[in-house]
Amino acid sequence: MPLLNVLFFGFAALAVVGGTWLVLTPRVLHAALALLLTLLSVAAIFVLWGADVAAVAQLMAYVGGVLVLTLFGIMLSPGGRGGPASDAVNRLSGWALGALTFAGLAYVLHGAGFERLPWRPGAAVPIIAHAGSVVETGTGLLTTAVLPVEIVSILLLIALIAAATIATDPSDR
């Protein structure tokens with residue numbers, strides 16, 4: 001098996017382990033750390049696919065922005081370093097929704113046509129790196145995709161406000 005496939009399956013397994021740990025842990029701080037593992041694994045998969053811009057955006061927006069603010073909010077909350085434990089009341093419906101989502105993803109992946117991927121033997125499309133891909137992506141983000149960029153900036157602002165709210169003393173509100 002080629003090294004690229006081994007790395008891909010390794011990072012995919014880490015993402016699945018992190019996502020499973022995220023869903024099953026009762027501690028909020030442990031869930032945030034599991035989310036960190038999952039997001040870093042997805043960024044590594046983006047790097048393996050040659051999507052460097054998506055990997056940097058993943059690291060900057062989610063790991064560097066949302067997750068760090070969430071960790072600060074958890075660590076500064078009155079619940080202590082471990083964070084509050086969550087009491088899930090809808091476990092059955094959560095498992096049912098998770099199984100339905102997994103079945104849908106398995107169906108989509110089954111018909112995805114992975115034999116056409118560029119790194120597979122006999123693939124018709126070779127991997128070609130564009131010299132100006134970062135410049136073209138940046139220009140596209142600031143010209144044709146202004147609305148999604150602004151929506152992401154509002155999402156980060158909401159995450160900042162939420163982290164500051166979690167960090168404040170409840171008696172001050």
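A residue counts as buried when its relative accessible area is under 20%. In this predicted model, Gln 58 has a relative accessible area of 9%, so Gln 58 is buried. Let's start from that residue and look at the helix around it, its helical partner and a pocket.

**Gln 58 and its surroundings**
- Gln 58 sits in helix α3.
- Leaving aside residues up to four places away in sequence, Gln 58 touches Leu 39, Val 42, Ala 43, Phe 46 and Val 63.

**How α2 and α3 pack**
- Helix α2, residues 28–48, packs with α3 at an angle of about 170°, and their axes are 9 Å apart.
- Angles over 145 degrees count as roughly antiparallel, and α2 and α3 are therefore roughly antiparallel to each other.
- The contact brings together α2 residues including Leu 39, Val 42, Ala 43 and Phe 46 with α3 residues including Gln 58, Leu 59, Tyr 62 and Val 63.
- By class, the residues of this α2 and α3 contact are 20 nonpolar, 1 polar and 1 charged.

**The second largest pocket**
- The second largest pocket has a volume of about 360 Å³.
- Its lining is made up of 16 residues, and those nearest the centre are Ala 57, Ala 61, Leu 141, Val 149 and Val 152.
- Helix α3 supplies the largest share of the lining, with 9 residues.
- The lining of this pocket has 15 nonpolar residues and 1 polar residue, with no charged residues.

Terms used
Residues are numbered from 1 along each chain as its sequence is written. This is a predicted model: local features need pLDDT of at least 70, side-chain atom pairs count only at pLDDT 80 or more; totals for chains, interfaces and linings use all residues. Side-chain values use heavy atoms; hydrogens and water are left out. On a 1 Å grid over the protein atoms alone, a cavity is a set of points where a 1.4 Å probe fits but cannot get out, and a pocket is an open set with protein on both sides within 12 Å along at least five of seven lines; lining residues have an atom within 4 Å of a point. Grid points are joined across faces, edges and corners, and a volume is the space filled by probe spheres set on the points. Helices (H or I, at least four residues) and strands (E, at least two) are DSSP runs, numbered from the N terminus. Ala, Val, Leu, Ile, Met, Phe, Trp, Tyr, Cys and Pro count as nonpolar, Asp, Glu, Lys and Arg as charged, and the others, Gly among them, as polar. Buried means under 20% relative accessible area, exposed over 50%, partly exposed in between (1.4 Å probe, protein chains only). Contact means heavy atoms within 4.5 Å. Axes are lines fitted to C-alpha atoms, for helices over the stretch in contact, and angles run from 0 to 180 degrees between N-to-C directions. Angles under 35 degrees count as roughly parallel, over 145 as roughly antiparallel, 65 to 115 as roughly perpendicular and the rest as oblique.
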